[in-house]
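Visitor: Hi, could you walk me through this one, a bit at a time? I have not looked at it before.

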Amino acid sequence: MLISNDVIIIKEENGLRYMQFRKLLELGINHLYTLKSEGIDFKTGGPLEEESYQVIAKFLKIPRDKIVIPKQTHTDCVKCVNEKTFQEDLKFTDGLITDKKGLALATKNADCILLNFYDPVKKVIANVHSGWRGTYKKISEKTVVKMINNYGCKPEDIYCFINPSIRVDHFEVDEDVMELCKEIFKFTNRTDDFIKKGRVFEGKQKYNIDTVLINKILLESLGLKPGKIIDCEICSYCNKDEVASARGNGPGYRLAVSAIMM
Ligand SMILES: [Zn+2]
C-alpha cells in the first residue's frame, strides 16, 4: 500500500485517490497524479475518459476546458501553450510548457515517465511524457532548453518532479533496444550505470534500463541542481494494484493523469 512520506502525499478525496509532491505544494503549485480510483480512466476515446477529466477539473477548481491535453505519440515535440491553444494544435505532442495562470497541463501514462517542471523565478511550468522512445529522443532535455530559450529560465532555478513509472528492475528490453540506448547515450560516459544485464528468458539475454536515471543525467548536465530533481521513486509495475501499469495490468490497463497548474 502506497503511503505518504517526506517526498509525497497520498490522499483520497471524494473517491479519487492521488499523489502529490510536498515540495510542489510548498511552492504553491496545484497538481496531482491520479492513482487507481473507481470510475477513473483517461484512455483516449474510452467510456470513462470525459467523466475522468471532469473529476480532475473539479479537483483543480477550474473549468474542464482549461485542461490542456496533448495527443501523445512518443515524439520529442514540446509546445508552448496559452489560452488560445486548441487541442487541434497539439497533435504529435508529448510536452507542454506555459507561463499562463489557470491553465492545467496534463500528461497520461501507464509505465512511461511523466516529468513536471516548475521555475518559481520566471513562473513557468511544464509537463512532459517521456517513455523510452521519448527518453531516447531526449524530450526532457528539449523541454528545459525551450524553457531557457523561450521564457528566460535559468537551469539552476528549475525544479523537476518525477511521477510514478516503471523502474529499472521491471523495465526489461531485448538486445536491440539496449544497443540503441548504449549508442545514443555513449556521450554521458555512464552507460554502465543505467544498462544492467538482466535474466535469460526463452534463450535470450534480457537487459534492464534505468530510464529515470538517464533523464536525471540529462537534466543535471543541463545545469539542474540534483537537489531540485525530486523523484517519487514509485515503480508502477511493483504497485500495479494502485498505479496504472501497462506491463503490470496487461490488456485493458487504465491510464493515469499528471496535471499541473499555476
Ligand atoms: Zn517494479
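Guide: Strands here are DSSP runs of E with at least two residues, helices are runs of H or I with at least four residues, and both are numbered from the N terminus. The model is a predicted one, in which local features need pLDDT of at least 70 and side-chain atom pairs count only at pLDDT 80 or more, while totals for chains, interfaces and linings use all residues. Residues are numbered from 1 along each chain as its sequence is written.

Visitor: In which sense do β8 and β10 pair?

Guide: β8 and β10 pair in the antiparallel sense over 4 bridges, and two strands pair if DSSP finds at least two bridges between them.

Visitor: And how many bridges are there between β8 and β9?

Guide: There are 7 bridges between β8 and β9, again in the antiparallel sense, and Asn 116 stands opposite Asn 127 in β9. These two strands form a hairpin with 4 residues between them, and in the turn Lys 123 has a positive phi of about 55°.

Visitor: Is β8 buried or exposed?

Guide: Because 7 of the 7 residues of β8 are buried, the strand is largely enclosed by the rest of the structure; buried means that 20 or more other C-beta atoms, placed from the backbone, lie within 10 Å of a residue's own. Ile 113, Leu 115, Phe 117 and Asp 119 point one way from β8, whereas Leu 114, Asn 116 and Tyr 118 point the other way.

Visitor: What is the strand order in the open sheet?

Guide: The order is β5-β6-β9-β8-β10-β14, an open sheet of 6 strands with mixed pairing. Its edge strands are β5 (78-80) and β14 (229-231), each of which pairs on one side only. β5 is joined to β6 (residues 95-98) by 3 bridges, and these two strands run parallel.

Visitor: Switching to helices, which strands does α7 lie across?

Guide: Helix α7 (residues 211-221) lies across β8, β9, β10 (159-162) and β14, running at about 25° to β8. Such angles run from 0 to 180 degrees between N-to-C directions, with axes fitted to C-alpha atoms, for helices over the stretch in contact.

Visitor: How do α4 and α7 sit against each other?

Guide: Their axes come within 9 Å and cross at roughly 30°, which makes α4 roughly parallel to α7, a label for angles under 35 degrees. The contact is made by Ser 140, Glu 141 and Val 144 of α4 with Asn 215, Leu 218 and Leu 219 of α7, where contact means C-beta atoms, placed from the backbone, within 7 Å.

Note on methods:
Contact = placed C-beta atoms within 7 Å. Buried ≥ 20, exposed ≤ 12 C-beta atoms within 10 Å, placed from the backbone. Parallel < 35°, antiparallel > 145°, perpendicular 65-115°, else oblique.
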